[in-house]
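Here are a few exercises to work through with the model open beside you. Try each task before you read its solution.

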Amino acid sequence: YQISFDVNPDMSPDQFRAITEDMSVVDIKKALQKRFRNEQIARMGNIHIIYPSFSKKNFEDIIEMQLEAFKEDVKKLTGYNITFDHTINDIIYKEGVFPTHGTRPVFSTVHEIVKTPLSRIIFMITESNNADTDTIKCAFNIDKECVSVTLYDKNGNELDSFDVDTTIRLENIRKDKSTSEEQSICAVHES
């Protein structure tokens, strides 16, 4: 795909999918001609598997599957139930989806935002003597750039809450620049 080198995180996966859905056997043959001789292409025949890139819904489903698998792992390893607010899904999508790069950035973002803080969360539970903890609810606080954790007992009573720092990169880049920053950027560009 000509657009496959675009790493713009603001490109919609649906836009990229629409482009990849328009691919035909003729397009494939033209691309192959840039790399192989015609007799080599002829040996491949006319049967080609063409599959489009992931859509936004596909990426959202992958994120949900990763979080569900993590919930099961946490339950097996610690005995705690863990739940995720939609804000966790949203920040993983915003930070991890690069349509041209597939799913690997999504997996590493899930690891960074959700899996890495788990040891800190378990430490905070034991440190605060919340032995009655049954459920850990996680949400992402965009203003503080952290995972907000709330602990509940079996009856749904709130026991404690705290924040666990995490690193976000793309959301900071997307934020509007202040007027003075904008002038500075323009000045550097002009010079």
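**Exercise 1.** Is Thr166 buried or exposed?

*Solution.* Some ground rules come before the steps. This is a predicted model, where local features need pLDDT of at least 70 and side-chain atom pairs count only at pLDDT 80 or more, while totals for chains, interfaces and linings use all residues. Residues are numbered from 1 along each chain as its sequence is written, and side-chain values use heavy atoms, with hydrogens and water left out.

Step 1: Buried means under 20% relative accessible area, exposed means over 50%, and partly exposed is in between (1.4 Å probe, protein chains only).

Step 2: apply them. Thr166 has a relative accessible area of 12%, so it's buried.

Step 3: place Thr166 in the chain. It sits in the loop between strand 4 (158-165) and helix 8 (170-174). Helices (H or I, at least four residues) and strands (E, at least two) are DSSP runs, numbered from the N terminus.

Step 4: look around. Setting aside residues up to four places away in sequence, Thr166 touches Glu112, Ile113, Phe140, Glu145, Cys146 and Val147; contact means heavy atoms within 4.5 Å.

**Exercise 2.** Describe Glu145, one of the residues that Thr166 touches.

*Solution.* Step 1: find Glu145 in the loop between strand 2 (135-141) and strand 3 (146-152).

Step 1: With a relative accessible area of 22%, Glu145 is partly exposed.

Step 2: check its backbone. Glu145 isn't a glycine, yet its phi is positive, about 55°.

**Exercise 3.** Which residues of helix 7 are buried, and how are they arranged around its axis?

*Solution.* Step 1: list them. They're Pro117, Leu118, Ile121 and Ile125.

Step 1: look down the axis of helix 7. The buried residues fall within an arc of 105°, so they line one face of the helix. The arc is taken from the directions from the helix axis to the C-beta atoms.

Step 2: turn to the face away from the buried side, which carries the exposed residues Ser119, Thr126 and Glu127.

Step 3: see what the buried residues of helix 7 pack against: helix 4, helix 6, strand 2, strand 3 and strand 4.

**Exercise 4.** At what angle do helix 4 and helix 6 pack?

*Solution.* Step 1: read the geometry. The angle is about 45°, and the axes are 11 Å apart. Axes are lines fitted to C-alpha atoms, for helices over the stretch in contact, and angles run from 0 to 180 degrees between N-to-C directions.

Step 1: find who meets whom. Residues including Phe59, Ile62 and Phe70 in helix 4 meet residues including Val106, Phe107 and Val110 in helix 6.
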